[in-house]
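Let's walk through this model together, starting with a pocket and then turning to its aromatic rings.

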Amino acid sequence: MHVFQPASDRLFVLLAAGNLATTQAVVNHIQRDLDQEIGEQASINEDLRSCHYLFEAAAYVGAVSVAVQEKHCAALKQAGTSAEASFILGGQIGSEPHGLFMLYPQGNAVMATSQTPYLQIGESKYGKPPLDNVGNINLSLEDAARLCLISEVLTYRSNLTVGPPFELAIVPRDRHTVAHRATFEAEAPELTAMIDTWSSAQREALDRLPSFFWEKNQVRA
């Protein structure tokens with residue numbers, strides 16, 4: 001997770017998944033552009049400072065990602081490795097609406113909506129059910145953060161290729177700041193408490209599921 005605040009009226013949080021060399025190069029490229037003076041660039045529309053809308057920032061990051069992938073694609077393909085990477089970009093610019101975009105390896109992006117209020121990259125299938133079943137736009141930021149964290153913990157339990165540390169950032173609307181940021185290591189008591197509570201709730205839910213017709217006269221164990 002990477003946080004960029006190139007001016008007081010804008011804040012961007014970037015999440016990355018995929019080829020590590022690609023994601024690191026993309027982040028370095030973004031930071032290099034921010035470190036340059038505007039006059040040094042070929043165009044004033046080539047960094048996060050000059051974007052007026054969040055979708056423009058997403059397009060910029062997507063273009064950087066595609067350029068990095070194309071630079072190394074041939075060599076990595078010969079080695080049997082993919083240069084692909086995907087990103088989630090969230091944030092707000094000025095008084096424009098805040099938002100969340102998922103950037104595909106091809107550089108295009110989709111935006112989170114009230115009907116689909118969350119986006120995922122990387123290993124997503126194991127942690128998707130709680131987001132689908134519980135996630136909605138009426139959750140508080142803290143409840144949404146808890147839900148996202150339990151989604152990651154459940155993925156961790158089901159897929160050994162995913163693991164801590166888990167990073168979390170809460171960015172309130174119209175504040176242009178990260179209100180809270182935390183990193184949870186494998187031994188964090190919060191993670192243990194979360195999985196114990198979630199597992200207990202699932203067992204209780206199982207006990208409350210309707211009985212089969214042949215169980216009507218039986219006592220459930």
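The model is predicted, so local features need pLDDT of at least 70 and side-chain atom pairs count only at pLDDT 80 or more, while totals for chains, interfaces and linings use all residues. Residues are numbered from 1 along each chain as its sequence is written, and side-chain values use heavy atoms, with hydrogens and water left out.

The second largest pocket holds about 160 Å³ of space. (On a 1 Å grid over the protein atoms alone, a pocket is an open set of points where a 1.4 Å probe fits, with protein on both sides within 12 Å along at least five of seven lines; lining residues have an atom within 4 Å of a point.) Helices α4 (141-158) and α5 (189-208) each give at least two residues to this lining, which includes Asp-143, Arg-146 and Trp-198. By class, the lining has 7 nonpolar, 1 polar and 2 charged residues.

Now for the rings, where 4 aromatic pairs are counted (ring centres within 6.5 Å; planes under 30 degrees apart are stacked, over 60 edge-to-face, the rest tilted). Because Tyr-156 lies in helix α4 and Phe-166 in strand β6 (residues 166-170), the pair ties together parts 10 residues apart in sequence. Phe-166 is buried at 3% relative accessibility, and Tyr-156 is partly exposed at 33% (buried is under 20%, exposed over 50%, partly exposed in between, with a 1.4 Å probe and protein chains only).

Phe-212 and Trp-214 are stacked because their ring centres are 4.6 Å apart and their planes at 10°. Together with Phe-213, Phe-212 and Trp-214 form one aromatic cluster.

Terms used: Points joined across faces, edges and corners; volume = space filled by probe spheres on them. Helix = DSSP H or I, 4+ residues; strand = E, 2+ residues; numbered from the N terminus. Nonpolar A, V, L, I, M, F, W, Y, C, P; charged D, E, K, R; others polar. Phe/Tyr/Trp six-rings, centres within 6.5 Å; stacked < 30°, edge-to-face > 60°.
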